[in-house]
Structure formats: C-alpha cells, structure tokens
Amino acid sequence: MLRRRESGGIAGGDVSNAAARAARYAGSFVAAVLLVGCVESLPTAPSELTTGVTIYEHANFVGASAHLTQDVSDLKGYAGPCEHELTETTAQNDWNDCVSSVRIAPGWYAVIFTDDDFRGQSLELTADAPNLQLVPGSCSHGGLNDCITSVRVRQR
Ligand SMILES: [Ca+2]
C-alpha cells in the first residue's frame, strides 16, 4: 500500500516534469515566432522589372530574389536566403551580406553599401550588375560580393 502511494507520487513528479518541459518548449517556440515576426518579407523578382531593383542571392541573377522599390537601411530586417548566427544556439535567415547580383529597372538606379544606414563602401549601379565579385570593392568574397547591408533605390 505504502509502496503504491510512493510510486503514485513518483508518477506525479514525472507529470509535473513533463509539464515544465512542455512549458519550456512553448517558451522557446514563442521566442522563435517573435524573432521571425521582427523580420519582414520582400516580394520576389517580378516577371518584368519596370520599377526599382531586384537583388539576387547568386551571380547572374540566380537563386532567391527580392524586389526593392524604396531604400532599405538594413537588410538584416528582411527574410532572405543567407543564414546568420544570432547567438550560439539561434540563427536568422536574412538578406544581409548575401547579395551577389542586381538588376536595375530602366530609369532607376541603386547605391549599394557595405554597412547599415547607407554607410561603408558603396557603389552606384545604373545598369544591371551580374556579378558583384567583379565590381570595385574590398570585401572578403571579392568586390562587393556577399557584403551588402543597405541599398538606396531611386528614380533617375
Ligand atoms: Ca550571395
């Protein structure tokens, strides 16, 4: 009898441990959702580029794309194909340090910058740039490849 009650007590303990674990999982789930909520989405490349610019994950306008029609002061704020570690255990997929080619709509231009808020090395693009490795710049991946963080998008 006493033994039974003991085992019942242990079972009760397991249940509350499981509940605590579930609560912890729920907590990290909520944190993940909040994190994703901070990152906005951009539309992908339009079938015909008549306004703004389109940025691409890879050279030669290949891979994931995003259509920009106004200035972006920090590409970290936009969901994209490049993964960046936030802490030892969490990561975010965004457009920072990711762009490898850019298409420019007729009558528009872009200025690409290596830092946020339109700072750092920059380059004005008035025509399509199929490979940012080949433009002037001193990023570790060549030229300005995979190191753009802000973009001005303007009509000429
Ligand atoms: Ca890239």
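Two strands are counted as paired if DSSP finds at least two bridges between them. Strands (E, at least two residues) are DSSP runs, numbered from the N terminus. The structure is a predicted model, in which local features need pLDDT of at least 70, side-chain atom pairs count only at pLDDT 80 or more, and totals for chains, interfaces and linings use all residues. Residue numbers start from 1 along each chain as its sequence is written.

Tryptophan 108 stands opposite glutamine 155 in E8. The pairing of strand E6 (residues 108-115) with E8 is antiparallel and comprises 6 bridges. E6 and E8 belong to an open sheet of 3 strands in the order E7-E6-E8, with antiparallel pairing. Strand E7 (119-125) and strand E8 (150-155) are its edge strands, each pairing on one side only. Between neighbouring strands of this sheet the average turn is 20°, direction ignored; axes are lines fitted to C-alpha atoms, and angles run from 0 to 180 degrees between N-to-C directions.

A further set of pairings involves strand E1 (residues 53-58), which runs antiparallel to strand E2 (residues 62-68) and is joined to E2 by 5 bridges. The two strands E1 and E2 form a hairpin with 3 residues between them. In the turn, asparagine 60 has a positive phi of about 60°. E1 also pairs with strand E5 (residues 101-104), in the antiparallel sense, over 4 bridges. Isoleucine 55 is placed opposite alanine 66 in E2 and opposite valine 102 in E5. In general, strands of a sheet pair through backbone hydrogen bonds, either parallel or antiparallel.
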